[in-house]
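Subject: A structure for you to explore

Hi there,

Here is the structure I promised to pass on. Have a look around in your viewer, then read on for what turned up.

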Amino acid sequence: MQNEVQQALAAFSERYCEAWRQQRGCLPVSDEYIGISSPCIVSTHPDAVEWQPQPFMPEDSLGAVEKALDIVIQPDAHAFYASQYAGDMAAQHEDVALTLLQAWSQDDFRRVQENLIGHLVTQKRLKLSPTIFIATLDSELDVISLCNLTGEVVRETLGTRQRRVLAPSLSAFLNQLSPLCNPFLLASV
């Protein structure tokens, strides 16, 4: 049985794929994943791969992050990162364009966990409350994160206490997103 975050992520992923079908006549296409295996790949083209989200198999969690830092991570973060394989998805939240991060494969999931460990170690060193990043922004200093203490989704400036609440929960945040198709990719894939 899916929890609210898994349902909201699956619903956004479907909206994202549908936006690609409506605007481009195909599933999502990315040039960033050429030559990188994934259960998501539907077809490979000379300059890009066409993909769609796939269930996360085998079941997993961010347990390695919890173990490495002796921390309990919000269940919503586990559900977000370990429910599906997918490419990163461009989205709009109110007036902010973002890239929703996803695990492309099992190898990528391990890399995500390593990056989360590094992020949390830095926060601990700076005496900041822990967050789990879920999306990037154009600014390399700002990210969208899940506050590990409150479960709120926040926009934060890395290495500072600057945080602005965007949504009371991860499922609410995902339900507020509008998909964006990458205008720079080939239109004739």
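Predicted model: local features only at pLDDT ≥ 70, side-chain atom pairs only at ≥ 80, totals over all residues.

The covered face consists of Val96, Leu98 and Leu100, while Ala97 and Thr99 form the uncovered face. In a regular strand, side chains alternate between the two faces of the sheet.

Now for the neighbours of strand 7. Strand 6 (residues 89-93) runs antiparallel to strand 7, and five bridges join them. You can find His93 opposite Val96 of strand 7. The hairpin of these two strands has two residues between them, and Glu94 takes a positive phi near 55 degrees there. Strand 7 also pairs with strand 8 (residues 131-136), again in the antiparallel sense, over two bridges. Thr99 has Thr136 of strand 8 as its bridge partner.

Next, the aromatic rings. The count comes to eight aromatic pairs. One of them is Phe56 with Tyr85, which is stacked, at 4.4 Å centre to centre and 20 degrees between the planes. Phe56 lies in the loop between strand 4 (54-55) and helix 2 (63-69) and Tyr85 in strand 5 (residues 84-85), so this pair ties together parts 29 residues apart in sequence. Phe56 also forms an edge-to-face pair with Phe109, at 4.9 Å centre to centre and 75 degrees between the planes. Phe109 sits in helix 4 (residues 106-125), so here the parts tied together are 53 residues apart in sequence. Both Phe56 and Phe109 are buried, and Tyr85 is buried too.

Finally, look for the aromatic cluster formed by Phe12, Tyr16, Trp20, Tyr33, Trp51 and Trp104.

Happy exploring!

Notes. Residues numbered from 1 in each chain as written. Heavy atoms only, no water. Buried < 20%, exposed > 50% of the residue type's maximum accessible area, 1.4 Å probe, protein only. Helix = DSSP H or I, 4+ residues; strand = E, 2+ residues; numbered from the N terminus. Pairing = 2+ DSSP bridges. Phe/Tyr/Trp six-rings, centres within 6.5 Å; stacked < 30°, edge-to-face > 60°.
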